[in-house]
Amino acid sequence: MREREATNLGLVEKLGLIGLPNSGKSSLFNALTGGSAVVAQHPFSTTETLTGVAIVPDRRLDALSQMSRSRKTVYAHVEFVDIAGLVAGANAGEGLGNRFLAGIREVDALCMVLRAFEDGNVPGESDPVEALGILELELVMADLATCESLIERRRKTARADSSVVPEVEALEKAIDVLTKGTPIFKSDLGAETKEILKGSFLLTNKAVLIVVNLGEDQLDQSDQICSLVREALGASIDVLGVCVQLESEAMALELEERAELLSGLGLGEGALTRVAQAAFHMLGRRTFFTTGDKESRAWTFRAGAKAPECAGVIHSDLQRGFIRAEVIHWDELLSIGSWTAAKNQGKLGVEGKDYEVKDGDVLEIRFNV
Ligand SMILES: Nc1nc2c(ncn2[C@@H]2O[C@H](COP(=O)(O)OP(=O)(O)OP(=O)(O)O)[C@@H](O)[C@H]2O)c(=O)[nH]1
Ligand SMILES: [Mg+2]
């Protein structure tokens, strides 16, 4: 049987699932990672943060694996963290307040789960726009408190040490934005300011992805509901409509049955694929491939990386002893039909240390240690 697994190498950034109680965070977490977080009808069923690995499905890799008759297919992955639910007043310690805030401080990006589904048996509101407003306000209040407690101390230090001046200026800009109720991720603060602010560990200075949790009966209104959320955001942030319950039921099925169920509902390969892919992309990650009869594998690199750095993702020896990379884009390789044929036809590019690897490149590294 052919294996399917996620690579353990590469970048380790984590994506935190946040939302109001009973919005479906743990259900989404389980569906994405095959995990077993507690899912229950009462609020605050999650009290401890849980981390899990979600495979990033990739049709390009599937095709390469089939071409090479690989015994193993290894996908890229994204780490998700299931965090306790947040309620209005969390910044002042309501609900699981501080626990929630500590959990979110440790992740690198946020996936907000906004409930739209209606279910009389599951307490909680079903207005995603209102939920967004509550979440934003809580995060903003917490950030404002952080900035205000930092700035006086930093101002004092800056009087003796001018290298701290940019940080003071960045904090002033942040306070300005936050006071208006705007999270940093929605603000027009420049990349440089945001970079300086990273040292302050703000909650809203993180990339964001939004999942609207739809009821099965709302699937045909997905576009309308999501565009209301997009309007409320007023920023270029991905908003994905997902029926979490349905997708997690589908995940329990065998691959073929799952495909049948989802396509029968007009859901294609399902929305979880899009969530994992959007998360992967939002984190600035790109993919290159290696392919052979032993395995076909997706490797993760950061956008803009050069060939030796990518070689180092496979193994540090390959970076240290890097000589050159043989490169072909995945679709061209597929149309030729095999690595050997591509080589014989002279279709493999021979690239040196300065080559910027592109998303979708297939590589073979020549090295000497
Ligand atoms: N009808 C319906 N129920 C759902 C859906 N998604 C989740 N639920 C139910 O909502 C309840 C809460 O789901 P959880 O995944 O535990 O929610 P949570 O956001 O992790 O909740 P806390 O950890 O308590 O903050 C469970 O009973 C789920 O079965 C959905 O799409 N439709
Ligand atoms: Mg939960």
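## Before we start

Residues are counted from 1 along each chain as its sequence is written, while chains get letters from A and ligands get numbers from 1 in the order in which they are written. Since this is a predicted model, local features need pLDDT of at least 70 and side-chain atom pairs count only at pLDDT 80 or more, but totals for chains, interfaces and linings use all residues.

## Two domains

The chain splits into domain 1 (3–282) and domain 2 (304–367), with bounds that come from an automatic or database domain assignment. Taken over C-alpha atoms, the centres of domain 1 and domain 2 are 34 Å apart.

How many residues of domain 1 are in contact with domain 2? Six residues of domain 1 touch seven residues of domain 2, where contact means that C-beta atoms, placed from the backbone, lie within 7 Å. On the domain 1 side, that's four nonpolar residues, one polar and one charged. (Ala, Val, Leu, Ile, Met, Phe, Trp, Tyr, Cys and Pro count as nonpolar, Asp, Glu, Lys and Arg as charged, and the others, Gly among them, as polar.)

## Around ligand 1

Ligand 1 has 24 residues around it, and the closest are Ser26, Ser27, Thr46, Gly85 and Gln245. To count as near, a residue needs its C-beta atom, placed from the backbone, within 6 Å of the molecule. Sorted by class, the shell has nine nonpolar, 13 polar and two charged residues.

Two helices, α1 (25–33) and α8 (244–251), each supply at least two residues of this shell. The biggest giver is α1, with three residues. (Helices here are DSSP runs of H or I with at least four residues, and strands are runs of E with at least two, numbered from the N terminus.)

## α1 meets α8

These two helices also pack against each other: the axes of α1 and α8 come within 9 Å and cross at roughly 30 degrees. Axes are lines fitted to C-alpha atoms, for helices over the stretch in contact, and angles run from 0 to 180 degrees between N-to-C directions. The α1 and α8 crossing is left-handed, meaning the near helix is turned anticlockwise from the far one by less than a right angle (clockwise would be right-handed).

Ser27, Leu28, Asn30 and Ala31 of α1 make the contact with Val244, Gln245, Glu247, Ser248 and Met251 of α8. Four of the contact residues are nonpolar, four polar and one charged.

## α4 and its two partners

Helix α4 (residues 128–160) meets helix α5 (residues 165–179) with axes that come within 9 Å and cross at roughly 150 degrees. So α4 and α5 are roughly antiparallel; that label goes to angles over 145 degrees, with under 35 being roughly parallel, 65 to 115 roughly perpendicular and the rest oblique. The crossing is left-handed, and its contact residues come out as 12 nonpolar, one polar and five charged.

What about helix α7 (residues 222–233)? α4 and α7 pack at about 30 degrees with axes 9 Å apart, so they are roughly parallel. This crossing is right-handed. Pro128, Val129 and Leu132 in α4 meet Ile225, Leu228, Val229 and Ala232 in α7, giving seven nonpolar residues, no polar and no charged.

Notes: Contact = placed C-beta atoms within 7 Å.
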